[in-house]
Amino acid sequence: MGLYSLLDEQTWSYIVFFLGVIALVLYAMSTFFIIVSQIGGRFILFKKEDTALISDNVPGVSIIKPLMGIDPLLEINLESHFSISYPKFELLCCVQDDHDPAINLVYKLKEKYPKVDCSLFIGGKDGIINPMVHNMAPAYDHAKYEYVWISTSRIKGSTDIMMDMACKLQKPNVALCHQMPFTTDQKGFAQTLEKTYFGGAFARYYLAFNILGLCCCTGMSYMFKKSALDELHGLNWFGKYLAEDFYLTHALHEKGHRLVMSSYPAQQNLAQSAVVGYKNRMVRWLRLRLNMMPLVSGFLEPMTECIPLGLYAAWAFYHFLGINPYIFFAVHFCLWLISDHLLLRLIQVKSKHGPLPFSKLQYTIVWILREVLAVWVFFVALISPRRIKWGKHTYKLSLGGHTELLNTHDKGKVKL
């Protein structure tokens with residue numbers, strides 16, 4: 001006996017009506033967020049803060065810079081931190097071991113910029129499972145200023161960025177200021193894919209959520225008040241999670257602190273990138289979110305992607321209004337492609353990179369690939385949602401984000 005025969009016609013009509021309403025609500029919400037990001041982005045991006053807020057007493061900033069290995073653009077990235085003209089800061093570089101080739105680069109730049117207050121920390125802190133927090137922990141413990149900036153990106157226009165973030169932290173009840181991730185201009189198909197994603201699909205919601213005051217941050221680059229985080233056990237305590245940025249920002253938000261977005265996007269230097277690497281990173285991030293927010297990431301998130309939402313909404317509009325679903329989906333697909341291009345170009349121009357480093361045809365091809373990959377990434381992430389490979393290690397997650405390191409050599413588990 002089929003499922004349809006178990007329910008009467010009226011019950012099925014209620015179910016179909018309910019599913020259709022959900023589709024319309026999701027489509028209306030996504031459209032609203034896109035409009036907010038398109039309009040709001042033009043007013044908040046690269047809008048300078050009033051430096052009079054801190055002109056009399058410039059707050060010191062401790063910049064924590066985690067390092068691991070060498071890539072072709074690392075020297076440019078790191079030198080952008082040494083060349084900051086902010087009046088009071090220290091640079092705390094961190095490496096995992098004394099064989100890391102990045103150590104020589106740090107010493108080279110220390111000689112080139114002898115007036116910069118720079119310290120190098122070798123080796124992490126035991127008992128911390130998150131490899132990046134493990135790396136940064138000694139620097140965090142030795143930070144001498146109230147404002148701490150964790151930066152994994154290139155600082156382009158460094159003085160303006162630091163002044164913007166420091167000014168925002170001066171405002172009442174603001175505990176953290178974060179930057180929206182973006183990328184510098186690099187040649188290559190994968191680099192085009194990365195820029196298209198961060199300037200389009202990622203920015204369309206990241207900008208909107210922050211403009212509307214929702215808690216939405218990433219750990220690529222953020223400055224915070226050390227005293228506020230220390231009240232919540234400090235950075236090291238959040239090292240028990242792989243997504244420490246999510247949990248520490250959520251804890252600050254729950255405590256009643258405000259989290260604000262910098263007017264300046266973070267500039268990633270992607271010297272070595274591949275489509276497979278991009279896909280693997282998207283899978284890892286989605287698996288993290290599935291364990292942190294299973295309902296949001298398991299249902300709502302895929303229903304905000306262009307293809308799944310377009311198909312779902314096309315059915316709903318056909319059911320309620322009789323609109324041809326093929327025409328609806330085609331129009332929807334083209335409008336989202338154009339909308340993302342407008343947003344990407346807006347961020348690119350405001351970042352003072354000049355025109356996009358690829359043609360509209362290249363953008364269209366890469367954008368379509370990104371949207372198809374989004375569906376593929378979702379199903380790959382569902383295959384083994386509890387297991388994440390990051391660097392040389394494999395981790396097992398449980399609901400709530402609690403993590404244990406899988407020791408593959410001894411075929412056992414190490415709980416930290």
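Student: Which residues do ring pairs link into a cluster here?

Tutor: In this predicted model, a cluster is formed by Tyr-197, Phe-198, Phe-202, Tyr-206, Tyr-278 and Trp-285, which are linked through ring pairs.

Student: And how many aromatic pairs does the structure hold?

Tutor: The structure holds 25 aromatic pairs, and one of them is the stacked pair of Tyr-241 and Tyr-247, whose centres are 3.9 Å apart with 20° between the planes.

Student: Are Tyr-241 and Tyr-247 buried or exposed?

Tutor: Tyr-241 has a relative accessibility of 8% and therefore counts as buried, and Tyr-247, with a relative accessible area of 13%, is buried as well.

Student: Why is the pair of Phe-317 and Phe-328 called stacked?

Tutor: The pair is stacked because the planes of Phe-317 and Phe-328 stand at 25°, which falls under the 30 degrees required for that label; the ring centres are 4.7 Å apart.

Student: Where do Phe-317 and Phe-328 lie, then?

Tutor: Phe-317 belongs to helix H13 (residues 306-321) and Phe-328 to helix H14 (residues 325-350), so the pair ties together parts that are 11 residues apart in sequence. Both Phe-317 and Phe-328 are buried.

Student: Switching to charges: what sits over the ring of Tyr-140?

Tutor: That is the charged end of Lys-226, which sits 4.4 Å from the centre of the Tyr-140 ring.

Student: Now strands. Why is S4 said to be largely enclosed?

Tutor: Strand S4 covers residues 147-151, and because 5 of its 5 residues are buried, it is largely enclosed by the rest of the structure.

Student: Which way do the residues of S4 point?

Tutor: Tyr-147, Trp-149 and Ser-151 point one way from S4, whereas Val-148 and Ile-150 point the other way, and all of them are buried. In a regular strand, side chains alternate between the two faces of the sheet.

Student: What about S1 and S7, how many bridges join each of them to S4?

Tutor: Strand S1 (residues 61-66) runs parallel to S4 and is joined to it by 4 bridges, while strand S7 (residues 221-225) pairs with S4 in the antiparallel sense over 5 bridges. Val-148 of S4 stands opposite Ser-62, and the bridge partner of Val-148 in S7 is Phe-224.

Student: Last one, on helix H3: how many of its residues are buried?

Tutor: In helix H3 (residues 74-82), 7 of the 9 residues are buried, which leaves the helix mostly covered. The buried residues are Leu-74, Asn-77, Leu-78, Glu-79, Ser-80, His-81 and Phe-82.

Note on methods:
Residues are numbered from 1 along each chain as its sequence is written. This is a predicted model: local features need pLDDT of at least 70, side-chain atom pairs count only at pLDDT 80 or more; totals for chains, interfaces and linings use all residues. Side-chain values use heavy atoms; hydrogens and water are left out. Rings of Phe, Tyr and Trp (its six-membered ring) pair if their centres lie within 6.5 Å; planes under 30 degrees apart count as stacked, over 60 as edge-to-face and the rest as tilted. Buried means under 20% relative accessible area, exposed over 50%, partly exposed in between (1.4 Å probe, protein chains only). Helices (H or I, at least four residues) and strands (E, at least two) are DSSP runs, numbered from the N terminus. A charge sits over a ring if NZ of Lys or CZ of Arg is within 6 Å of the ring centre and within 35 degrees of the ring normal. Two strands pair if DSSP finds at least two bridges between them.
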